[in-house]
Amino acid sequence: MRGTGKDPCALRRVPLACALAWLLAPGCAPSKAPRPDGIVLVVLDTLRADRLALYGHSRPTSPALDALAARGAVFEDVITNASWTLPALAGLLSARFPTREVFDRRLKTSLVERLEAAGWATAAFTEGGYFSKAFGLDRGFATYREEESAIRLTLRGEAYHESADGSIEKTFALAEQWLAQRDGSPFFLVVHTYEVHTPYRRGKYTTGLERGVLDETLEQSHVARIRAGELALGETERSYLAALYDGGVHRADRHVGELLAALERLGLAATTAVVVTSDHGEEFGDRVADYAGDHGHSLYDELVRVPLVLYNPLETYPVRRVAQQVRTIDILPTLLDLAALPVVDGCDGRSLLPLLRGEQREARPAYAETHKFPPGRLALRRGGHKLIVRLPASRDAAAVFELYDLERDPGERSDLARERPQLLAEMEAELRTLVTRFEKAGRADYRSPRETPREVIERLESLGYVEP
């Protein structure tokens with residue numbers, strides 16, 4: 001689907017009269033509310049929404065985020081544009097559905113540049129991998145610090161503790177040091193961590209649980225064996241794996257709480273807006289058995305529905321829980337709106353502040369795709385329904401369509417593609433309109449740049465990613 005018409009994965013093309021104006025709407029003018037002096041965006045990599053207590057999870061995995069949400073606002077239905085990190089981050093930072101105009105082995109445009117050009121001090125502290133300057137994700141950041149080594153964790157007693165290098169402690173500590181040096185100018189800070197990502201090494205919730213064929217922790221070598229069919233997971237193993245994952249969520253949440261405490265200690269909390277989200281979710285093997293502890297292979301909600309909490313101490317919003325569907329591509333336009341800056345033309349994302357203020361009520365149709373594992377998948381989520389298309393594996397094969405009623409079947413277990421042919425045709429036509437637009441612009445190329453440093457490659461390998 002790169003615009004040549006020769007890609008065997010392309011959907012069949014037919015003329016379409018409809019245009020998706022609701023996805024292509026121009027950005028809104030900035031709001032006139034008091035402007036925060038600082039904005040902090042925390043990206044907790046691989047965090048699915050339903051593993052947080054504030055989204056109904058039974059374990060108390062997120063006390064800090066629960067408290068932040070109680071003071072701010074929660075978006076209940078947030079959809080990312082991809083189920084793996086690099087395209088998801090490209091969409092997040094550009095506020096656009098990625099095409100080659102947005103990402104061509106490197107990110108080519110970022111709304112962070114708008115903040116930098118407006119005089120904001122911009123900084124990012126990331127744990128590398130795909131969130132790396134090697135892929136151009138440092139665009140617009142005057143300060144950019146990334147972890148380049150493999151994940152290093154050591155075992156002491158019954159719990160895992162991180163060493164000084166490659167740790168969530170190091171990442172958040174560097175961010176706090178940067179905050180302590182602020183000179184009073186407006187600032188935008190991004191903090192990113194792979195704490196929730198495999199390997200899973202947090203045993204907080206595993207006490208007394210049976211492990212089955214699993215070891216005490218889930219390492220990348222175990223994920224590879226699961227994918228190869230050498231480790232078969234039953235309910236016992238999946239429950240243990242989910243408990244390990246929840247331990248990572250709790251650890252990440254603790255550091256969010258410490259960052260919020262640092263803002264208080266530094267006298268910045270009263271004028272700093274805080275946003276917490278994720279790039280994509282995670283599979284525990286209950287849907288696709290061979291992909292436990294993994295992502296990027298499908299577009300079901302456990303991989304594309306992510307959390308989003310926003311707290312702005314300078315404005316109390318009448319809507320505290322937003323039920324309408326929104327997208328991660330809406331986050332940066334929202335931050336520009338907070339900063340009283342207009343969104344540039346061409347953005348697919350739109351500010352979320354009108355929803356919080358009760359000025360808008362409509363849900364926003366969401367598009368997602370993944371080509372990480374051939375033959376690739378596309379999805380359109382709108383009007384309480386979701387269409388997933390598994391692209392043809394060869395020229396002679398046909399696309400496979402799945403259709404779900406998300407209100408009656410939130411777990412996406414009952415495929416209605418045969419029962420609702422008219423709805424299927426309507427959503428397929430809408431999806432094809434988007435595909436045509438993307439092909440015209442050129443499909444994004446996520447292959448690593450030829451000059452990718454070896455340390456970045458090693459970091460990706462330690463996270464279980466195969467070099468494209």
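Predicted model: local features only at pLDDT ≥ 70, side-chain atom pairs only at ≥ 80, totals over all residues.

User: Why is Leu47 called buried?

Analyst: Buried means under 20% relative accessible area, exposed over 50% and partly exposed in between, with a 1.4 Å probe and protein chains only. Leu47 has 2% relative accessibility, so the residue counts as buried. Leu47 sits in the loop between strand 1 (38-44) and helix 1 (63-71); helices (H or I, at least four residues) and strands (E, at least two) are DSSP runs numbered from the N terminus.

User: Which residues is Leu47 in contact with, leaving aside neighbours within four places in sequence?

Analyst: Contact means heavy atoms within 4.5 Å. On that basis the partners of Leu47 include Leu52, Val196, Tyr245, Val249, His280 and Pro307. Tyr245 is 198 residues away along the chain, with 9.2 Å between the two C-alpha atoms.

User: What makes the span of helix 10 agree with expectation?

Analyst: The expected span is 1.5 Å times one less than the number of residues. Helix 10 (residues 421-441) has 21 residues and should span 30 Å; its end C-alpha atoms are 30 Å apart, so the two agree. After helix 10 comes Gly442, with a positive phi near 100°. Helix 6 (residues 235-265) has 31 residues and reaches 45 Å, close to the expected 45 Å. Gly267 follows helix 6, and its phi is positive too, near 75°.

User: Which members of the largest nonpolar core touch the most other members?

Analyst: A nonpolar core is a set of buried Ala, Val, Leu, Ile, Met, Phe, Trp, Tyr and Cys residues joined through side-chain atoms within 4.5 Å. The largest has 54 residues, and Leu41, Phe75, Leu137, Phe188 and Leu335 touch the most other members. A second, separate core of 51 residues includes Leu44, Val74, Leu241 and Tyr245.

User: How many cavities are there of 30 Å³ or more?

Analyst: On a 1 Å grid over the protein atoms alone, a cavity is a set of points where a 1.4 Å probe fits but cannot get out; lining residues have an atom within 4 Å of a point. The count comes to 2 cavities of 30 Å³ or more. Among the lining residues are Ile79, Leu299, Tyr367, Arg381 and Lys386.

User: Where is Ala95, and is this residue buried or exposed?

Analyst: Ala95 lies in the loop between helix 2 (85-94) and helix 3 (112-117). With a relative accessible area of 0%, Ala95 is therefore buried. Its phi is near 60°, a positive value in a residue other than glycine.

User: What makes Glu412 count as buried?

Analyst: Its relative accessible area is 2%, so Glu412 is buried. Glu412 lies in the loop between strand 15 (400-405) and helix 10, and its phi is positive, near 55°.

User: What is omega for the cis peptide bond between Thr198 and Pro199?

Analyst: Omega is about 5° for the cis bond joining Thr198 and Pro199. The bond from Pro374 to Pro375 is also cis, with omega near 5°.

Conventions: Residues numbered from 1 in each chain as written. Heavy atoms only, no water. 1 Å grid on protein atoms, 1.4 Å probe; cavity = no way out; pocket = protein on both sides within 12 Å on 5 of 7 lines; lining within 4 Å. Points joined across faces, edges and corners; volume = space filled by probe spheres on them.
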